[in-house]
Amino acid sequence: MAQLPKNFPEEYLAILQKFRFIDDTFFAACLDGDIPCMNLILRLVLARDDIEVQRVTTQQSVQNLYGRGVRFDVLAVDAAGKLYNCEVQRASEGAIPRRARYNSGMLDSRVLAKGTPVRELPETYVIFITEHDTFGAGLPLYHVDRTIRELERDFGDGAHIIYVNGDCKDDTPLGRLMQDFFEPEAERLHYPVLAQRMEYFKSEAKGVAAMCELMERFGAEKEAKGRKEGLAAGEHGAQCKMARRLLARGQMTPGEVAELTELPLAEVEEIAKGISA
């Protein structure tokens with residue numbers, strides 16, 4: 001029976017016992033540095049037994065100087081230099097096609113060093129393991145690759161996107177993997193490497209301590225994000241209030257008010273319509 005480390009709330013242990021591989025926090029913790037688990041997942045998803053993962057890291061952030069960055073659940077590199085981004089997504093919004101496109105582009109920006117010829121870009125795979133059937137066709141896998149429409153052949157850019165349907169839990173190697181992803185009890189898993197990893201984080205002292213620390217950190221990050229969003233909402237409210245006052249005086253154009261309050265012109269124009277109505 002797992003023992004809760006000191007200084008952590010009692011409810012952490014109950015939460016921990018409910019974790020499954022489809023939960024991104026637990027998935028990232030279990031896969032961090034674990035080559036056997038990553039080998040298993042990639043071999044089953046890609047239906048290949050020759051994949052040899054060399055390195056696995058989790059929660060890697062990639063910054064974008066011109067916009068939003070991204071934090072990948074799991075990144076892996078195999079012996080051939082191919083790069084894999086594996087994500088678990090329970091919410092449909094997290095697995096929309098443009099998210100896959102963005103992740104694929106950010107993978108490229110991460111691996112191509114300044115001055116390196118573009119032809120040396122490695123082959124990349126963005127893999128979404130989703131809770132439900134994203135495309136609703138009942139297939140276990142959906143492969144997305146660019147094609148030359150007129151020629152009806154692959155574009156050959158080396159970028160691949162794969163959706164794994166978590167609803168498909170049939171009696172096949174991949175189906176049994178999906179069964180394991182939704183199972184919270186280690187002794188009920190089909191694949192020993194996954195069972196051992198789950199057992200470590202749910203029953204062994206070091207694993208339980210690591211998971212509790214992770215939950216504590218994510219809780220603090222979530223709280224900080226909430227405070228930041230609250231401050232942003234308050235600031236936006238104050239800007240709108242100022243815009244209404246200035247527009248009500250009738251001495252400034254919407255463009256001038258937008259510049260002064262730093263609100264989008266379209267939003268200021270909507271406020272002006274409300275005042276004149």
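The dialogue below moves from the whole protein to aromatic rings, a strand residue and a helix.

Author: Please note that this is a predicted model, in which local features need pLDDT of at least 70, side-chain atom pairs count only at pLDDT 80 or more, and totals for chains, interfaces and linings use all residues. Residues are numbered from 1 along each chain as its sequence is written, and side-chain values use heavy atoms, with hydrogens and water left out.

Reader: How many helices and strands does the protein have?

Author: Helices (H or I, at least four residues) and strands (E, at least two) are DSSP runs, numbered from the N terminus. The protein has 9 helices and 8 strands.

Reader: What percentage of the residues count as buried?

Author: A residue is buried under 20% relative accessible area, exposed over 50%, and partly exposed in between (1.4 Å probe, protein chains only). Here 40% of the 277 residues count as buried.

Reader: How is a pair of aromatic rings described?

Author: One gives the distance of the centres and the angle of the planes. Rings of Phe, Tyr and Trp (its six-membered ring) pair if their centres lie within 6.5 Å; planes under 30 degrees apart count as stacked, over 60 as edge-to-face and the rest as tilted. A search of the whole structure finds 10 aromatic pairs. One of them is the stacked pair of Phe19 and Phe26, with 5.7 Å from centre to centre and 25° between the planes. Phe19 is buried at a relative accessible area of 13%, and Phe26 is buried at 0%.

Reader: Which parts does the pair of Phe128 and Tyr163 tie together?

Author: The ring centres of Phe128 and Tyr163 are 5.3 Å apart and the planes stand at 45°, so this pair is tilted. Because Phe128 belongs to strand S4 (residues 124–130) and Tyr163 to strand S8 (residues 159–165), the pair ties together parts that are 35 residues apart in sequence. Phe128 is buried at 0% relative accessibility, and Tyr163 is buried at 2%.

Reader: Which residues form an aromatic cluster?

Author: One cluster is formed by Phe19, Phe21, Phe26, Phe27, Phe181, Tyr200 and Phe201.

Reader: Where does the charged end of Lys202 sit?

Author: A charge sits over a ring if NZ of Lys or CZ of Arg is within 6 Å of the ring centre and within 35 degrees of the ring normal. The charged end of Lys202 sits over the ring of Phe26, 5.6 Å from its centre. Lys169 lies over the face of Phe182, at 4.1 Å from the ring centre.

Reader: Is Thr130 buried or exposed, and which residues is Thr130 in contact with?

Author: Contact means heavy atoms within 4.5 Å. Thr130, found in strand S4, is buried at 3% relative accessibility. Leaving aside neighbours within four places in sequence, Thr130 has contacts that include Ile22, Gln89, Tyr163 and Phe182.

Reader: Which residues of H4 are buried?

Author: The buried residues of H4 are Ala100, Asn103, Ser104, Met106 and Leu107. They cover an arc of only 165° around the axis (taken from the directions from the helix axis to the C-beta atoms), which puts them on the same side of H4. The face turned away from the buried side of H4 carries the exposed residues Pro97, Arg98 and Arg101.
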